[in-house]
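Trainee: I would like a close look at a single part of this model, and then at how its surroundings are arranged. Please give the cut-offs as you go.

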Amino acid sequence: MTTLYLFCSAAPPALEVADVIVDAQARGWDVCLGLTPSARRWLEHQMEELETLTGHAVRSAYKLPGEPDEWPLADAILVAPATFNTVNEWALGLTSKFVVGVAAEAIGKGIPAVVMPCANSAYVQHPQFDRSLDVLRAARVSVLYGPGGFEPNQPGERRAEGFPWALALDEVGRIIRAAS
């Protein structure tokens, strides 16, 4: 079975993660859910449900030295929604957060990764954002941003069509097939 690490930052689409897990499982994937500390706080009331749904502990912190790894090895990683902060931390190699550290290490391990940012039109004007996306692309991360991917909305607004989760999962399927 293919193992997908699904990593969510604290952006409104993270609130839909249970449905995304069900969709990924319908594609035949074993899903391990990782959350930034803020995303975990947003979803705290769903932890038991999410752990039952995935069959794995939901992780938001590094394990202690000597502790066994709770998850199977990843075949692919999807970082979505990836906030402005998560995108920049990953590109800059700032790995104090579990999900960013695992995603950064995946580059060196050759684990296929997809990122779909979720940042509003004010954040994406910052010059570091485009540089960070370029760094991730250069590291062979599939970036779903701009036409055909996530397109920024105005601050405080959500897009009527919602976050393009199916597009992200389709891209994961494509990179898994390409890696086989």
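Mentor: The model is predicted, so local features need pLDDT of at least 70 and side-chain atom pairs count only at pLDDT 80 or more, while totals for chains, interfaces and linings use all residues. Residues are numbered from 1 along each chain as its sequence is written, and side-chain values use heavy atoms, with hydrogens and water left out.

Contact means heavy atoms within 4.5 Å. The residues being covered are Trp-165, Ala-168, Leu-169, Glu-171, Val-172, Gly-173, Ile-175 and Ile-176. Buried means under 20% relative accessible area, exposed means over 50%, and partly exposed is in between (1.4 Å probe, protein chains only).

Helix 7 itself runs over residues 165–179, 15 residues in number. From first C-alpha to last, helix 7 reaches 21 Å, close to the 21 Å expected at 1.5 Å a residue; the expected span is 1.5 Å times one less than the number of residues.

From helix 1, Val-17, Ala-18, Ile-21, Val-22 and Gln-25 meet Glu-49, Leu-50, Leu-53 and Thr-54 of helix 3. These residues divide into six nonpolar, two polar and one charged. Nonpolar covers Ala, Val, Leu, Ile, Met, Phe, Trp, Tyr, Cys and Pro; charged covers Asp, Glu, Lys and Arg; the others, Gly among them, are polar.

Next, the ion pairs. The whole structure has eight salt bridges, each a side-chain nitrogen of Lys or Arg within 4 Å of a carboxyl oxygen of Asp or Glu. One of them joins Asp-23 and Arg-27, with the closest N and O atoms 3.2 Å apart. Asp-23 is partly exposed at 29% relative accessibility, and Arg-27 is partly exposed at 31%. Another links Lys-97 to Glu-89 at 2.9 Å, N to O; Glu-89 is buried, with a relative accessible area of 11%. A further one pairs Arg-137 with Asp-134 at 3.4 Å. Those two are three residues apart in helix 6, which means about one helical turn between them. Arg-137 is partly exposed at 38%, as is Asp-134 at 47%. Shared partners join Asp-23, Arg-27 and Asp-170 into one salt-bridge network.

Last, a loop. Ser-121 lies between strand 4 (113–117) and helix 6 (127–138) and is buried, at 17% relative accessible area. Leaving aside neighbours within four places in sequence, Ser-121 is in contact with Pro-152, Asn-153, Gln-154 and Pro-155.

Terms used
Helix = DSSP H or I, 4+ residues; strand = E, 2+ residues; numbered from the N terminus.
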